[in-house]
Amino acid sequence: MPKSIYTKEYKKILARLKKARQDAGLKQTEVAKKLNRPQSYISKIERGERRIDVAELKELAKIYKKDINYFIE
């Protein structure tokens with residue numbers, strides 16, 4: 001069983017990350033390729049199994065063409 005003990009706020013960020021990726025018309029594999037990471041990296045972020053830091057969030061915002069505030073408001 002995965003260790004997912006995040007706050008409601010963090011879950012909102014994860015939901016917005018997934019929605020932003022889908023709105024951008026990108027698959028997890030495509031995002032992972034842009035970051036030079038495996039697809040499982042994006043999957044684990046979206047499922048809440050891997051926390052992301054501000055630098056990673058900034059990079060994802062750039063890929064999804066969203067202002068970083070979109071994810072944290």
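Me: Which helices do the buried residues of α1 pack against?
Reply: This is a predicted model. In α1, the buried residues are Y10, I13, L14, L17, A20 and R21. They cover an arc of only 125° around the axis, so they sit on the same side of α1. The helices packed against them are α2, α3 (39–47), α4 (54–64) and α5 (69–72).

Me: What distance does helix α1 reach from its first C-alpha to its last?
Reply: Helix α1 runs over residues 8–23, which makes 16 residues. At 1.5 Å a residue, 22 Å is expected. The reach is close to that, at 22 Å.

Me: Which residue just after α1 takes a positive phi?
Reply: Helix α1 spans residues 8–23. Just after it, the phi angle is about 75°. The residue is G25.

Me: How many residues apart in sequence are the parts that R21 and E46 tie together?
Reply: The side chains of R21 and E46 meet in a salt bridge, 2.6 Å from N to O. R21 lies in helix α1 and E46 in helix α3, so the pair links parts that are 25 residues apart.

Me: Is R21 buried or exposed?
Reply: Buried means under 20% relative accessible area. R21 has 7% relative accessibility, so R21 counts as buried.

Me: Which residues does Q28 touch, not counting those up to four places away in sequence?
Reply: Q28 lies in helix α2, residues 28–34. Its relative accessibility is 17%, so Q28 counts as buried. With residues up to four places away not counted, Q28 touches R21, Q39, I42, S43 and E46.

Me: About how many helical turns separate K12 and E9?
Reply: K12 forms a salt bridge with E9, with the closest N and O atoms 3.4 Å apart. K12 is partly exposed at 44%, and E9 is partly exposed at 45%. The two are three residues apart in helix α1, so the separation is about one helical turn.

Me: What is the geometry of the pair formed by the rings of Y70 and F71?
Reply: The structure holds one aromatic pair. The ring centres of Y70 and F71 are 5.0 Å apart. Planes over 60 degrees apart count as edge-to-face. Here the planes are at 85°, so the pair is edge-to-face.

Me: Which residue lies over the face of Y70?
Reply: Y70 has 23% relative accessibility, so Y70 counts as partly exposed. Over its face, at 4.5 Å from the ring centre, lies K66.

Notes:
Residues numbered from 1 in each chain as written. Predicted model: local features only at pLDDT ≥ 70, side-chain atom pairs only at ≥ 80, totals over all residues. Heavy atoms only, no water. Helix = DSSP H or I, 4+ residues; strand = E, 2+ residues; numbered from the N terminus. Buried < 20%, exposed > 50% of the residue type's maximum accessible area, 1.4 Å probe, protein only. Contact = heavy atoms within 4.5 Å. Phe/Tyr/Trp six-rings, centres within 6.5 Å; stacked < 30°, edge-to-face > 60°. Lys NZ or Arg CZ within 6 Å of the ring centre and 35° of its normal. Expected span 1.5 Å × (residues − 1). Arc of directions from axis to C-beta. Salt bridge = Lys/Arg side-chain N within 4 Å of Asp/Glu carboxyl O.
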